[in-house]
Amino acid sequence: MAQDREETRATIMLAALGNETRLRIFRLLVRAGEAGLRVGDVQSRLDLAGSTLTHHLATLRLAGLIEQRRDGRTIVCSAEYGAMDALIGYLTDQCCVDAVDKQLGHSADARTGMLTEEDPV
């Protein structure tokens with residue numbers, strides 16, 4: 001069940017980042033650090049129309065990739081580094097597992113992910 005939630009969350013985040021403009025916005029916010037950037041600064045740096053930026057920021061926020069906070073009358077956006085780290089972890093936590101298992105004489109059942117002993121050749 002937890003694996004299904006992780007997969008669903010990763011799918012939502014990857015879908016949000018699958019748009020070139022949103023990827024540019026997210027990378028800009030990652031570079032900005034935890035202090036983030038004011039929406040107006042994001043708009044001017046990426047030369048985006050206000051309504052377009054609002055739409056893309058909402059998608060990134062709903063995907064859990066950014067947060068927005070008020071600073072007086074200004075809205076500041078910043079990357080959600082925990083979510084970014086979780087996504088990277090999800091994508092890499094199984095890196096090369098099948099190759100290592102094959103070297104050890106194991107294989108994983110494609111449906112369950114459970115290891116099984118391979119028959120010797």
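Biologist: What makes the span of helix H1 (residues 2-17) agree with its 16 residues?

Modeller: This is a predicted model, so the answer comes from its coordinates. At 1.5 Å a residue, H1 should span 22 Å. Its end C-alpha atoms are 23 Å apart, which agrees.

Biologist: Which residues of H1 are buried?

Modeller: Ala10, Met13, Ala16 and Leu17. Seen down the axis of H1, these buried residues fall within an arc of 125 degrees, so they line one face of the helix. They pack against H2, H4 and helix H5 (81-92).

Biologist: Why would residues three or four places apart point the same way?

Modeller: An α-helix has 3.6 residues a turn, so such residues point the same way.

Biologist: Which residues of H2 are buried?

Modeller: Arg22, Ile25, Phe26, Leu28 and Leu29. They cover an arc of only 160 degrees around the axis, which puts them on the same side of H2. The face turned away from that buried side carries the exposed residues Glu20, Arg27 and Arg31.

Biologist: Why are H2 and H4 called roughly perpendicular?

Modeller: Their axes cross at roughly 75 degrees. Angles of 65 to 115 degrees count as roughly perpendicular. H2 and H4 are therefore roughly perpendicular to each other. The axes come within 10 Å.

Biologist: Which residues meet where H2 and H4 are in contact?

Modeller: From H2, they are Thr21, Arg22, Ile25 and Phe26. From H4, they are Leu53, His55, His56, Leu57, Thr59 and Leu60.

Biologist: What makes the span of H4 agree with its 13 residues?

Modeller: At 1.5 Å a residue, H4 should span 18 Å. Its end C-alpha atoms are 18 Å apart, which agrees.

Biologist: Which residues of H4 are buried, and what covers them?

Modeller: The buried residues of H4 are Leu53, His56, Leu57 and Leu60. Seen down the axis of H4, they fall within an arc of 100 degrees, so they line one face of the helix. What covers them includes H1, H2, H3, strand E2 (66-71) and E3. On the other side of H4, Ser51 and Leu62 are exposed. H4 is followed by glycine 64, whose phi is positive, near 85 degrees.

Biologist: Why is serine 78 called buried?

Modeller: Its relative accessible area is 1%. Buried means under 20%. Serine 78 is therefore buried.

Biologist: Where is serine 78, and what is it in contact with?

Modeller: Serine 78 is in strand E3 (residues 74-79). Leaving aside neighbours within four places in sequence, its contacts are Leu29, Gly33, Glu34, Gly36, Leu65, Ile66, Glu67 and Arg69.

Biologist: What makes the 3.2 Å between the side chains of serine 78 and arginine 69 a polar contact?

Modeller: The cut-off for a pair of N or O atoms is 3.5 Å. The contact joining serine 78 and arginine 69 is 3.2 Å.

Biologist: Which residues is tyrosine 90 in contact with, leaving aside its neighbours within four places in sequence?

Modeller: Glu6, Glu7 and Ala10. Tyrosine 90 and glutamate 6 are 84 residues apart along the chain, yet their C-alpha atoms are separated by 7.5 Å.

Biologist: Is aspartate 47 buried or exposed, and why?

Modeller: Exposed means over 50% relative accessible area. Aspartate 47 has 71%, so it is exposed. Aspartate 47 is in the loop between helix H3 (39-46) and H4.

Biologist: What phi does aspartate 47 have?

Modeller: A positive one, about 55 degrees, although aspartate 47 is not a glycine. Most residues other than glycine have a negative phi.

Methods:
Residues numbered from 1 in each chain as written. Predicted model: local features only at pLDDT ≥ 70, side-chain atom pairs only at ≥ 80, totals over all residues. Heavy atoms only, no water. Buried < 20%, exposed > 50% of the residue type's maximum accessible area, 1.4 Å probe, protein only. Helix = DSSP H or I, 4+ residues; strand = E, 2+ residues; numbered from the N terminus. Arc of directions from axis to C-beta. Axes fitted to C-alpha atoms, helices over the stretch in contact; angles between N-to-C directions. Parallel < 35°, antiparallel > 145°, perpendicular 65-115°, else oblique. Contact = heavy atoms within 4.5 Å. Expected span 1.5 Å × (residues − 1). Polar contact = N/O pair within 3.5 Å; in protein donor to acceptor, adjacent residues only side chain to side chain.
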